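Hi,

Here is the structure I promised to hand over. My notes follow below it.

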Amino acid sequence: MSAESVLFICQHNAGRSQLGAALLEHLAGDRYSVDSAGLSPADEVNPAVAATVAELGMDISGRTPRAVTVEDLEDADVVVLMKPGLELPAAPTGRVLEWSFPNPEAWDVEAVRPLREAVAHKISDAFLT
């Protein structure tokens, strides 16, 4: 049986969705198939987000933000919207979780750490209990 697939989505696929995907990978191991995407992808992963994930022993700095596709939304068992009200290119066919986390676009590492902990807590509640 294949792992349940989880897709994290935010606006730029540079901060919140990358953080969510990395944390679920870190906390759940191979129990889930994890991916992330955004509506208007940035050029790179937010360096402060990558740095806080690196503190956990994962390097996501080389990941490339990408646009969410209709196929992504059809294939995901769970879609996690890291910001309410995102205008998706299609309706997800799987379960949808709508979370509200601030955009860390202009934040430094010190500011991102509490966000990392809040996202980790939400992931633990939703996927690991």
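How far apart are the end C-alpha atoms of H4, and what should its 19 residues span? At 1.5 Å a residue the span should be 27 Å, and the end C-alpha atoms are 26 Å apart, which agrees. (The expected span is 1.5 Å times one less than the number of residues; helices, H or I of at least four residues, and strands, E of at least two, are DSSP runs numbered from the N terminus.)

A note on the source: this is a predicted model, where local features need pLDDT of at least 70, side-chain atom pairs count only at pLDDT 80 or more, and totals for chains, interfaces and linings use all residues. Residues are numbered from 1 along each chain as its sequence is written, and side-chain values use heavy atoms, with hydrogens and water left out.

Back to H4: its buried residues (under 20% relative accessible area, 1.4 Å probe, protein chains only) include Val-112, Leu-115 and Ile-123. They fall within an arc of 145° seen down the axis, so they line one face of the helix; the arc is taken from the directions from the axis to the C-beta atoms. The face turned away carries Glu-110, Pro-114 and His-121, which are exposed (over 50%).

Best wishes
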